[in-house]
Amino acid sequence: MGKNQKTVNEDQMTDIIRLLPDSLANQIAAGEVVQRPASVVKELIENSLDAGAGEIQVIIRDAGKSSIQIMDNGTGMSVTDARMCFERHATSKLKTSEDLYAIRTMGFRGEALASVAAVAQVELKTRRAEDELGTLIVIEGSIFKKQEPAACNPGTSILVKNLFYNVPARRNFLKSAPIEMKHIIDEFQYHALGMPESSMRLFHNDLEIYNLPAGKLGKRIVNLFGKNYQEQLVTCHEDTDHVKVWGYIGKPEYAKKTRGEQFLFVNKRYIRNNYLNHAVITAYEGLLPPDYFPFYTLFLELDPAHVDVNVHPTKTEVKFIDERAVYSVIRTVVKQALGTHSIIPSIDFSNDVNYSLDSKLGGASASRTMADLNYERLRSGEFQNLRNWETVFEGLTERVAGAGPEIAGGKAGSSPEISTDAENFPGIVSPATFQLHNRFILSQIRSGLMIIDQAAAYQRISYEKFMKNLMDRSGNAQRLIFPVTIELNPTDLSLVMEIMGEINNLGFEVETFGGKSVIINGIPSGMNNFSEKEIFENLIEQFKLNRDKLKLDIQENLARSLSRYASSRYIKKLREEEQGLLIDQLFACANPNYTPTGEPVYTIFTLNQIDDLLKKKS
Ligand code: ADP
Ligand code: MG
């Protein structure tokens with residue numbers, strides 16, 4: 001302290017506050033905006049997008065440590081703007097304080113270029129289409145080294161060399177090339193997903209990593225992540241007064257054990273938000289094994305006045321005025337998409353849900369997908385999977401016609417009765433089904449062949465029936481002629497007493513008996529293949545397991561436990577009528593695609609896939 005003060009001259013001794021020189025202020029500000037090469041990539045891509053670029057090239061050397069270059073065909077800058085853009089708080093995107101509440105651009109703080117130029121050697125070439133000559137500017141550590149007219153293409157090219165060359169501590173802090181490159185690729189992906197309307201290329205050490213043509217979101221996802229994503233995507237789309245949601249989610253069976261493919265955008269800006277992520281993940285409830293993460297790319301569009309993107313310099317954290325409302329819309333949209341996706345086995349890319357920010361409702365409805373229509377019906381309460389099913393399922397129409405009102409005309413939401421007894425369903429026209437090894441039902445559908453896992457189907461059907469029993473307290477017990485007494489240990493007995501009401505709603509008739517036992521007077525209908533004691537004991541065991549491992553609520557837990565047990569013996573010969581009935585009941589379910597624990601219930605082979613399988617390879 002004392003030593004430093006000696007360098008201050010006499011008349012400044014009393015006043016010690018000084019303004020930081022610009023270069024130092026910029027360097028400090030840079031600390032917030034530019035953490036690593038990927039931050040530069042992010043800021044520069046965002047500038048290109050804000051400049052309306054339809055083509056962007058990102059050229060990286062040594063994971064960005066040697067150089068980062070971004071070239072665009074956007075608006076370009078005038079001579080003055082080219083000089084100005086490196087000043088701190090220089091922005092063309094905000095004029096008045098009101099603009100801060102109507103932000104539609106990626107940048108607005110006017111800090112990025114000043115920050116980057118403070119900690120690197122930067123070369124800017126830019127030209128507006130209407131100017132004959134462009135401008136070249138070289139700036140290093142905030143000091144202008146060169147400015148001259150230059151011949152160049154319309155648009156802007158910014159070359160950033162030797163990042164942190166003048167801040168050795170920060171340069172040393174950079175991670176290994178693979179790690180820094182991973183961050184760059186992540187940033188590139190966020191923007192590639194956020195703006196599929198622009199073509200984007202990424203090079204690393206002269207190697208082309210991505211070459212993404214401009215197109216629709218679905219195509220962009222496939223180009224980024226691989227062709228196999230085509231069949232895993234399900235469209236989402238919903239407009240409310242408050243928020244519009246659209247995009248794609250991954251089918252549960254493609255979920256991965258690692259995170260990293262969850263992308264959320266607000267007004268086209270990639271954001272991170274644990275709360276809203278939770279909304280998506282819980283919509284998959286029961287469809288995913290624990291610790292699996294589904295793919296999603298979802299866009300939210302809401303009035304910019306309802307979002308605050310100015311809470312953090314890098315703008316990946318935003319604040320919502322009504323986060324809970326947004327949460328519930330997201331959750332509902334994803335749930336509905338999961339419930340309806342069976343209807344379209346794979347995505348029709350001509351019906352992409354890729355709306356531009358300003359697309360009007362009319363434009364949006366032109367590209368509505370079948371899932372949207374189904375969703376509409378679901379919302380208006382008319383939805384029946386059975387109906388939609390007809391469009392895929394050849395031959396079902398006749399079968400339904402002959403099936404009688406209890407199947408074809410069942411009210412939406414009414415629980416299908418389960419019976420393994422074909423005698424109850426005489427006169428059904430034979431469906432086009434075939435049973436394989438007492439385990440699978442094969443059926444011809446329009447697009448090819450469907451293979452249904454019979455036990456899984458039964459589990460889904462039972463689960464929904466039990467859930468309904470619990471919700472409506474409508475479980476029908478089959479009364480036993482000889483009631484059964486079961487002795488329980490004290491822990492189990494107190495558990496049973498605690499959930500006795502729910503057990504009886506499920507369809508049991510159970511009461512305590514003496515101090516140590518319960519007496520079973522009835523069991524849920526349709527479970528007469530099992531011994532009552534077995535059913536009950538297994539239910540309690542499974543319930544405890546689920547409670548400890550999955551922390552399910554009581555109803556979900558009971559329905560899952562019992563349906564699991566009910567289906568455990570459903571590997572058996574089924575008559576053709578029973579096969580048809582099982583299919584009908586399955587597709588009358590709210591979610592026919594998965595068992596309650598997330599196993600797929602059926603799979604579809606398209607004729608093309610079968611052709612491919614049989615193709616001679618020579
Ligand atoms: P911000 O994006 O927050 O406005 P920046 O420091 O990133 O601040 O950029 C400053 C200004 O420079 C922008 O507002 C814009 O006018 C101009 N600019 C930056 N990059 C480009 C580009 N690629 N094309 C055209 N103009 C650009
Ligand atoms: Mg910017």
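Student: What share of the 618 residues of the chain count as buried?

Tutor: 50% of the 618 residues count as buried. Buried means under 20% relative accessible area, exposed means over 50%, and partly exposed lies in between, with a 1.4 Å probe and protein chains only. Some ground rules first. This is a predicted model, where local features need pLDDT of at least 70 and side-chain atom pairs count only at pLDDT 80 or more, while totals for chains, interfaces and linings use all residues. Residues are numbered from 1 along each chain as its sequence is written, chains are lettered from A and ligands numbered from 1 in the order in which they are written, and side-chain values use heavy atoms, with hydrogens and water left out.

Student: Why is T156 called buried?

Tutor: T156 has a relative accessible area of 10%. The limit is under 20%, so T156 is buried. T156 sits in strand β6, residues 155-161. Strands are DSSP runs of E with at least two residues, helices are runs of H or I with at least four, and both are numbered from the N terminus.

Student: What makes the T156 and T126 pair a polar contact?

Tutor: The two side chains come to 2.9 Å. A polar contact is a pair of N or O atoms within 3.5 Å; within protein, one must be able to donate a hydrogen and the other to accept it, and residues adjacent in sequence count only if both atoms are side-chain atoms. T156 also touches other residues beyond four places in sequence, including I70, M71, D72 and L124. Touching here is contact, that is, heavy atoms within 4.5 Å.

Student: Why do G247 and N505 count as buried?

Tutor: G247 is at 0% relative accessibility, so G247 counts as buried. N505 is at 17%, so N505 counts as buried too. G247 lies in strand β10, residues 243-250. The C-alpha atoms of G247 and T297 are 5.7 Å apart, although 50 residues separate them along the chain. N505 is found in helix α17. Leaving aside neighbours within four places, N505 contacts N469, L470, R473, S474 and G475.

Student: How do you know that the span of helix α18 is close to the expected one?

Tutor: Helix α18, residues 532-550, has 19 residues and reaches 26 Å from its first C-alpha to its last. The expected span is 1.5 Å times one less than the number of residues. Buried residues of α18 include I535, F536, L539 and F543. Among the elements covering them are β19 (477-487), α17 (490-506) and α19 (554-567). K551 follows α18, with a positive phi near 55°.

Student: What surrounds ligand 1?

Tutor: 20 residues surround ligand 1, and the closest are N47, T91, S92, K93 and G110. A residue qualifies if one of its heavy atoms lies within 4 Å. Helices α3 (37-50) and α5 (112-118) each supply at least two residues of this shell.
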